[in-house]
Amino acid sequence: HLESMGSWPRDRFHLQLSIDGTESSHDRVRGPGSFEKIRSSVKSLRTNGFDVTYSMAVTAANVDDMKTVVELAAEDGATNVHYLWTVMRGRAKARDFVDPGRLFENLRIASERGVELGVSVDNVDSLRQQVFTPVGTIIDGTNAAWESLAVGVDRQLYPTPAMVAVEELATPINGSLERAWKTGSALERVRALTVDGQSSPLRHLTGGGDLDHAYFGGGQLGG
């Protein structure tokens with residue numbers, strides 16, 4: 001597809017490709033040979049001037065590979081790494097859940113390795129931006145339904161990829177992506193979320209709880 005992408009503006013198009021740790025970890029989930037295919041694709045994209053992020057779905061089985069993914073990104077020319085925290089949905093099982101202490105330690109190690117290699121870890125960068133904002137900055141809500149959306153194979157919009165196929169959160173596109181984004185009731189509910197009324201002293205620093213985990217763990221948007 002690189003030929004058809006030749007005229008696409010490099011400053012407006014960014015790809016995020018999944019790589020779930022070492023070759024054995026990745027191929028166990030994605031299928032034999034997929035690890036090398038992903039790496040080859042990323043190298044081709046970088047050669048043609050496209051920015052690429054490696055994303056890793058972190059589970060108990062591959063959490064110790066987090067640093068490895070940063071190293072792979074540096075080798076292949078990917079500019080960023082983004083870690084996806086396990087949401088108990090779809091194929092996810094209780095055994096996939098990672099103890100927060102173990103998760104944090106591996107994130108710290110991966111982030112420090114990223115500094116050494118010049119690879120950004122999106123999760124840490126996002127937190128840094130929240131903590132070191134100008135005095136008086138208030139963070140309230142989520143960027144889901146504002147800056148990001150997910151399009152399902154059913155041609156409907158959802159607030160996040162983890163929420164695809166949840167009927168009550170679906171917005172039919174019906175020919176206009178812009179209209180669906182602006183008027184979808186589920187998306188309007190997400191945009192209306194606020195930390196006002198929450199008791200946490202960190203509420204205006206974090207902007208509130210994680211949208212996916214709040215919904216699938218607590219049954220409500222926000223929290």
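Student: In this predicted model, where does Thr171 lie?

Tutor: Thr171 belongs to strand β7, which covers residues 171–172.

Student: Why is Thr171 called buried?

Tutor: The relative accessibility of Thr171 is 6%. Buried means under 20%, so Thr171 counts as buried.

Student: Which residues does Thr171 touch, leaving aside those up to four places away in sequence?

Tutor: Thr171 touches Gln156, Leu157, Ala180, Gly184, Ala186 and Leu187. Contact requires heavy atoms within 4.5 Å.

Student: What makes β6 and β7 a pair of strands?

Tutor: Two bridges join β6 (residues 156–158) to β7. Pairing calls for at least two bridges, so β6 and β7 count as paired. The two strands run antiparallel, and Gln156 has Pro172 of β7 as its bridge partner.

Student: What is the strand order of the sheet that contains β7?

Tutor: The order is β5-β6-β7, in an open sheet of three strands with antiparallel pairing.

Student: Why are β5 and β7 called edge strands?

Tutor: Strands β5 (150–151) and β7 each pair on one side only.

Student: How is the sheet that contains β1 arranged?

Tutor: Four strands form an open sheet in the order β1-β2-β3-β4, and the pairing is parallel. At its edges are β1 (14–18) and β4 (120–121), each of which pairs on one side only.

Student: How do you know that β3 pairs with β4?

Tutor: Two bridges join β3 (residues 80–85) to β4. The criterion is at least two bridges, and therefore β3 and β4 count as paired. They run parallel, with Asn80 opposite Ser120 of β4.

Student: Which strands of this sheet does helix α2 touch?

Tutor: Helix α2 (residues 34–47) packs on the sheet and touches β1 and β2 (51–58). The direction of α2 makes about 155° with that of β2. Helix α5 (residues 122–131) also packs on the sheet, touching β2, β3 and β4. The direction of α5 makes about 90° with that of β3.

Student: Which residues of helix α9 are buried, and what do they pack against?

Tutor: In α9 (residues 211–218), Leu211, Asp212, Ala214 and Tyr215 are buried. The buried residues of α9 pack against α7 (185–191).

Student: What makes the approach of Asp210 to Asp212 a polar contact?

Tutor: At the start of α9, a side-chain oxygen of Asp210 reaches to within 3.2 Å of the backbone nitrogen of Asp212.

Student: Which residue follows α9?

Tutor: Gly219 follows α9, and its phi is positive, near 75°.

Technical notes
Residues numbered from 1 in each chain as written. Predicted model: local features only at pLDDT ≥ 70, side-chain atom pairs only at ≥ 80, totals over all residues. Heavy atoms only, no water. Buried < 20%, exposed > 50% of the residue type's maximum accessible area, 1.4 Å probe, protein only. Polar contact = N/O pair within 3.5 Å; in protein donor to acceptor, adjacent residues only side chain to side chain. Axes fitted to C-alpha atoms, helices over the stretch in contact; angles between N-to-C directions.
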